[in-house]
Amino acid sequence: MAIDNIDKKTQKLRPATKRTGQSQKEKTDTSAITIPDTLSLLPLTKTVVFPLVVAPLTITAESSVQLVDDAVVTGQRVIGLALARNPDQEKPGFDELHSIGVAAVIHTMLRMPDGQRMIVQGLQRVRLLDVVQTEPYLRVQIEKVADIVDYNTSDTVEVEALRRNLADLFKRIVEMSQNIPDELLQITRIEQPGLLADTIAAHLPVSAGERQSILEILGIRERMTALLRILTREVEVLELGNKIASDVSSEMGKTQREYYLREQLKAIQRELGMGDKHTEEVDELRKAVEEAHMPEEAAKQAERELERLSRMPAAAPEYGVSRNYVDWLVAMPWDKATRDNLDIKEVRKVLDSDHYGLDKVKDRILEYLSVRKFKPEGHAREPILCLFGPPGVGKTSLGMSIARSLGKKFVRISLGGVHDEAELRGHRRTYIGALPGQIVQGIRRAGTNNPLFMLDEVDKVGRDFRGDPSSALLEILDPEQNSTFRDHYLEVPFDLSRVLFVTTANQLDTIAPPLRDRMEIIEIAGYTEEEKIQIALTHLIPKQMKEHGLTKKHVRWNAPAIKKIIAGYTREAGVRNLERQIAKVCRKITRAFAEGREETVTVNSRTLQDYLGAPRFPERELVERTTAPGIATGLAYTPVGGDVLFIEATLMPGSKQLVLTGQLGDVMKESAQAALSYVRSHARDLRIDPDFFRNSDIHLHVPAGAIPKDGPSAGVVMTTALASLLTGRKIKPRVAMTGEITLRGKVMPVGGIKEKVLAAHRAGVKMVILPEQNRKDVLEDVPEDVQKDIEFAYVKDISQALGIALEEPRNGHRATGKRTAVENESSTQVTT
């Protein structure tokens with residue numbers, strides 16, 4: 001019976017059948033075949049042929065087809081077969097083939113549309129010596145290699161044991177494998193050890209490389225030992241695979257059994273008229289739990305509640321509690337996340353279109369994105385940002401802009417006035433009407449597990465007998481802990497580490513130090529005048545015109561009008577009042593058009609007073625209030641930004657008292673006392689009568705007495721006011737100062753420099769006296785346009801500040817004498 005067809009799945013040879021096409025069949029006795037010293041060589045890529053083993057081959061390469069045709073036509077059916085080292089190489093050369101191959105005889109050849117198929121039988125191992133021909137196909141000189149009997153007569157028992165082990169293991173592989181036909185069990189009856197090893201290796205489901213390694217072993221015992229290791233491994237793999245399949249099958253059987261019983265229970269309940277709707281409701285919840293892809297602990301908890309629900313009557317009081325709990329578990333976005341926008345240029349474009357300036361925050365967001373983009377593998381830690389600054393600078397709207405630019409969902413909760421810790425962590429289910437906390441509720445509203453979560457007004461969290469919400473925030477805002485956040489209601493961990501938390505605050509003093517330590521503070525100071533003009537032109541005016549139904553055909557704005565609104569009607573760090581004034585102008589213009597006006601309105605400096613009335617802040621206020629000796633201009637930091645304050649000093653007959661008014665705090669009172677002590681101890685240097693305080697009282701007053709004031713930074717300005725009063729020398733116009741002093745007259749650094757300088761700039765100050773150690777704060781934080789408008793004087797000693805701030809003494813003043821070194825030093829300390 002000739003063989004010309006092959007079952008690709010089982011590699012089982014089937015009897016030949018009649019087909020259309022050409023076929024050549026010839027029975028050859030392999031024992032009588034002579035192997036010549038030069039053979040045509042057919043490269044193999046994915047299979048290895050062993051001696052005396054019949055194997056099917058399919059060839060498609062033109063050179064290989066021509067080789068087989070020539071062999072069949074010439075009657076030289078013996079060819080060489082060798083495995084290529086690189087299976088992906090289409091036409092390997094002599095050097096790309098393994099040196100050990102096999103001589104084989106072609107038994108059957110059949111032409112097919114997709115190539116040639118043939119049946120070959122290995123004859124003997126051969127070694128490739130040299131190449132004789134390369135085109136159109138390889139012909140090589142070979143050396144016949146015989147098996148080596150690498151054991152003695154005394155080792156016959158060991159070899160027989162190896163043979164039996166090989167046969168037994170191969171039998172187990174055939175029985176366990178679905179891809180090896182049972183007919184191959186006949187192989188185990190082969191008595192010759194070498195032939196048994198070759199035949200088993202030819203039919204094992206292993207890689208071509210492992211088969212080649214067996215082919216290259218010439219020693220019979222060594223070959224059997226190597227094959228035994230491979231068979232042992234395959235048996236272990238098959239046993240493990242069968243065990244896994246059995247476990248899966250048993251699990252599926254259990255699931256199918258439960259489904260069958262559940263369907264029977266439904267049928268029985270329908271016949272008895274029992275709660276079918278209840279069962280359907282539980283089944284719907286069970287299906288929802290499966291589709292929610294919960295973590296293991298949450299899934300177990302949900303399953304326990306479903307079991308309770310299935311045994312509980314729908315009218316039971318606990319039924320609604322359990323049902324709501326399962327609904328919350330199902331609604332949580334356990335595995336739902338949005339894909340972040342990592343296009344840095346696009347994110348920058350969105351941030352710039354929404355907000356002008358605020359470069360620190362924008363740079364921090366872009367740095368975070370750069371890390372995410374540069375390190376795609378693993379989990380990047382989400383930053384915990386705290387936007388700290390005065391009201392109206394755009395902290396909350398900036399959070400919305402960040403979420404929009406990153407493609408994240410935005411959730412916001414306000415912490416102002418929150419006193420109960422359960423507002424954040426939720427209530428336990430033992431309470432009637434219990435609900436999860438605002439954190440879990442916000443995550444559910446977002447529908448994703450990686451939203452941008454804004455905690456607004458974190459500095460205004462309350463604290464009383466109901467708990468301390470700041471302590472709950474310690475876990476929520478800690479990247480090391482929030483991956484297992486447990487809400488009191490859910491009672492299962494939820495991963496908050498992928499949430500981008502952004503908090504806002506107007507002041508840091510009221511935030512608990514441990515909570516402040518967990519956040520990355522990004523300070524957003526007030527805007528400069530130029531920044532406010534740009535914000536008004538690009539954001540506020542278009543927004544208010546749209547809200548009031550106005551277009552460019554109705555109203556036109558120019559920059560001087562906006563500048564006048566900023567300087568004369570709004571003195572603030574942010575732009576909230578500026579927007580109100582713009583809205584006020586828009587309302588009046590809208591009314592004018594509603595009453596019949598048709599001409600376009602132009603808002604300029606001349607017409608502005610018609611809409612807003614007289615300016616609240618006169619332009620020359622700073623000059624008019626400092627026209628007499630004893631009045632100095634100081635700079636203060638407040639939660640709503642920087643501000644300008646005036647220190648007034650007066651001398652009157654009395655009994656050596658220092659009177660302080662203006663609702664001053666203890667620290668500020670101590671600064672006033674230190675200032676007086678310095679002036680008295682340096683009276684001769686300042687050309688003041690040393691006995692000026694013997695029969696006099698000094699009164700220091702800080703106007704705006706309804707506002708509490710405190711802090712050490714008024715030391716310099718108080719000393720300057722006293723020196724101006726007692727020397728009779730006025731302070732130079734448009735000069736402001738800040739700094740703490742010691743009893744020795746050293747000027748110490750203070751905080752809030754940027755806010756104070758911006759306040760001075762808004763008030764029209766032209767020179768600011770600052771401590772030398774605050775020079776770096778000006779260079780790093782103060783905008784360049786403000787630095788160009790203001791002259792900065794950096795001082796280390798109060799004597800330098802006095803020399804800069806005070807005018808030259810008038811002729812005929814009672815305190816006469818040589819000019820002191822104090823005034824000479826001052827000329828070298830002024831920088832711009």
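**Entry 1: R286.** I looked up the contacts of R286 (contact: heavy atoms within 4.5 Å) and, leaving aside neighbours within four places in sequence, found E303, L306 and E307. R286 sits in helix α6, residues 276-291. I take helices (H or I, at least four residues) and strands (E, at least two) as DSSP runs, numbered from the N terminus. R286 is buried, at a relative accessible area of 13%; buried means under 20% relative accessible area, with a 1.4 Å probe and protein chains only. I also checked R286 against F692: the two are 406 residues apart along the chain, and their C-alpha atoms are separated by 91 Å.

**Entry 2: the model.** This is a predicted model, in which local features need pLDDT of at least 70 and side-chain atom pairs count only at pLDDT 80 or more, while totals for chains, interfaces and linings use all residues. Residues are numbered from 1 along each chain as its sequence is written, and side-chain values use heavy atoms, with hydrogens and water left out. I read a mean pLDDT (the predictor's confidence in each residue, from 0 to 100) of 82 for the protein chain, with 90% of its residues at 70 or more. Over residues 1-28 the pLDDT is below 50, and this stretch has 56 contacts in the model beyond near neighbours in sequence. Residues 812-832 also have pLDDT below 50, with 36 such contacts.

**Entry 3: helix α16.** I found a kink of about 50 degrees in α16 (residues 529-547), centred on A536. The bend at a residue is the angle between axes fitted to the seven residues ending there and the seven starting there. A536 is one of the buried residues of α16, which also include I533, L540 and Q544. Among the elements covering them are β17 (555-557) and α23 (753-763). After α16 comes G549, with a positive phi near 75 degrees.

Technical notes: Buried < 20%, exposed > 50% of the residue type's maximum accessible area, 1.4 Å probe, protein only.
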